[in-house]
Amino acid sequence: MASVFVQADDFSGAAEVGCCFVEHGLSAQVSLGTGTVSGTYDGVASAGAPVTDVVLIDTHSRGLSGTLAQGLVKEAFSAPAASGAQVMFKKVDSLWRGNISAETAALAGLGHHVVVAGALPQLQRTVRAGRPLVAGSPLAETDLWQAEASAPPVDIPSLLRPEEPASVQSLDLEAVQSSSVPSRLAGLLDGRPALVVADGETVQDLEHVVDALLELGFQSGGRRIVLVGTGGAADVLARRLATQAARNAHSASAADETAAEPQDVDRPVLAVVGSASQTAQAQLAQLEGQGFTVVRLHPQYAGATGAYGPQLEETKQALRNGSNVAVTLAAGKVDPARAAGIVQALSAFAAQAAKATAADLILTGGETAREVLDAVGRSSLVPLAAVQHGAVLSRADDGTLVGTKPGSFGDDLALLQLYDEIRERRGQSAGAPANTLPRKTSEQSGATMTDAANPNQLPFVAVTMGDGAGVGPEVVVAAALDPQSNAECRPVVIGDALRLRQAAEVLGIEADIQVIEDVEDAVFTPGRVNVIDLNLLPEDLPWGKLSPVAGHAAYEYIRVASELAMAGKVQAICTAPLNKEALHAAGHIFPGHTELLAHLTGTEEVSMMLSTPKIRVIHVTTHIGLMDAVRKINPDLVERTIRRGHEALVRAGIPNPKIGVCAINPHAGENGLFGQGEEAEKIEPGVKAAQAAGINAVGPLPADTLFFLAGRGDYDLVVAMYHDQGHGPVKVLGIEAGVNITVGLPVIRTSVDHGTAFDIAGKNIADSRSMVEALHQAAEMATRPAVAV
């Protein structure tokens, strides 16, 4: 059995890689810092030390200067744990953050060859022609670096060696037969310490690189080779090393690691969400729905003496009483220049809270995780299991269970699944309600504790007015006055009060349209419409005419509604239609509401779901060309879309929805007669992965047959592969009461399923049924917690 040494620059990355090996039957231990390694490899352990197949060191160097990071990596790879290993692996961030240039230079300085295979196909993070891509788009064009002070890399050679990128050699796997990869790689590694970047778009590409290195024995020209990669490369390496004989040899160790922890039903869980990613905030919302008390600390006060004192005492008391607590930052963008100080303040708060009583931990963001573990005195951990890629549960040296996850990883259920894994290992029932104190809302010294509404209290819904030149003002007034809407929620309109009054005149109804400053000021009586008045439209704005002013106003309504939702002041957003041309004319270049809301909330990936009384459809791709859509579809995207649709329907009150998945080609390809095998390559694996997670999904099925079956009630949801495949049937079967739901956002958002209808605007012709239904579904989803698979 080959021994493995791994160095990572943050803890969640180390745990992710460690779990890759554990899941393939190997033993692993993560040490926090180069001076904390205990145990040795395979049969050469010192007295009393455990035998470990894989030793991982978290140097915690991502946020350090390049010089300090370089020194720590040299120290790590010079230690006996590294020199005694047969395989050396350096974990890097899949978004290429951290001191990658300095740390790979450290390896070259030790005389090692370096092979970089930095793709993570599981999350659509790839490398093509030396350029980092995310879902096919250049990393530099995404918003995944929102909390980073530096610019994202345009290409990997320039990142690794800024002074001489031409010295970085390229391994183009498309140009080399798989059987020739070892000889090609050996040629690139001939001579002085070499730095090679391998392209990678699939798991198979990573397999070619790992197989070549194993064939070379991780040696070339008398020099050792260090593989630099993500959890994707680590998983391939683990699979290759873990032969059946090795698994049998370590079966006793594996059984020990998966055994249940001592049953301690009163042990609470403290979650710390320190990532700036809105993905993490969406995951946090799932914990809140499970009964976690959420404490939000305003980053502006980070480092101020005693700023969070009242919230700290409240958190300590909640943990002592057995309640689960989640600590995070209040809504708003974090200044990258202050990120390190904010992480330290958040971690110090969490550490002080954790010391109040024995609590298991869930930690999001590698730097935050390490700061908290250091503060509570943990020095090593053993990875136990992964609930999703990168979402790992470990056991610390004192028995504390620690769930960790990189901030941008996972779907909305990742943290909830870590929580369920902790409960199961503590002998509790996964998914059972948490022990909680009476919940409340308080705002003190820059921190906010936001809790679920009282069951007898209706949710606030922010209703955006849409494009003021279209039918939006008319349908908003009608829906806001609808008795059923007011029986289900408390609608607050974000728009222009003057335009709403003009719309009421068009409708010929009396409406008491009252301007309020904040959501809490709203009063709900029959005939009254509460509006937060942005006062952006001129009094003489014509109906039915494209206007950049109205386009900009529509953008501002959405922006304000998003901020209210992210701050927890409203529980859902319901949007009237905007006009894309007017939006663009105003300088806001977004295809529509879906992409705009994803941008405003910092969400990496969302899905569009159309819901009518007869049929519901969720889309794998939406506003892109058909050829681009076919290229973009892949098993992971299909699975994530199915999961998002399943969660949305469960939240809407359907406990086990039956989901039908469309094929791309006619007759589902008819066993290869039509298309190029897209169903088998791009769709089937995603459906099977969803089925393995307990989702009742079927497919791929011929789209024409599936929509017929769904229309008669055989399926609760159809997964369409591209825009028109889903939109056409929906508009035939029920556009007048259709609702557009954006699935995957950290906030609930519904909308009408029609446009601005300039041709009938201001004429009292518009049908408000879709707006009323959208408000109904927003209220329904806001009052139902999501349920994990």
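**Figure 1. A polar contact joins the side chains of S751 and R749 in this predicted model.** The distance between the two side chains in this contact is 3.3 Å. S751 lies in strand β33, which covers residues 749-752. Is S751 buried or exposed? Its relative accessibility is 2%, and buried means under 20%, so S751 counts as buried.

**Figure 2. Helix α19 crosses helix α21.** Helix α19 spans residues 548-566, and helix α21 spans residues 593-601. Two packed helices are described by the angle between their axes and the distance between the axes. Here the axes come within 10 Å. They cross at roughly 50°. That angle makes α19 oblique to α21. The crossing of α19 past α21 is right-handed.

**Figure 3. Residues of α19 meet residues of α21.** Which residues does α19 bring to the contact? They are Y555, I558, R559, S562 and M566. From α21 come H593, L596, L597, L600 and T601. Sorted by class, the contact has 6 nonpolar residues, 3 polar residues and 1 charged residue.

Figure 4. The protein has 789 residues, and buried residues make up 58% of them.

Key. Residues numbered from 1 in each chain as written. Predicted model: local features only at pLDDT ≥ 70, side-chain atom pairs only at ≥ 80, totals over all residues. Heavy atoms only, no water. Axes fitted to C-alpha atoms, helices over the stretch in contact; angles between N-to-C directions. Helix = DSSP H or I, 4+ residues; strand = E, 2+ residues; numbered from the N terminus. Parallel < 35°, antiparallel > 145°, perpendicular 65-115°, else oblique. Left-handed = near helix turned anticlockwise from the far one by under 90°. Contact = heavy atoms within 4.5 Å. Nonpolar A, V, L, I, M, F, W, Y, C, P; charged D, E, K, R; others polar. Buried < 20%, exposed > 50% of the residue type's maximum accessible area, 1.4 Å probe, protein only. Polar contact = N/O pair within 3.5 Å; in protein donor to acceptor, adjacent residues only side chain to side chain.
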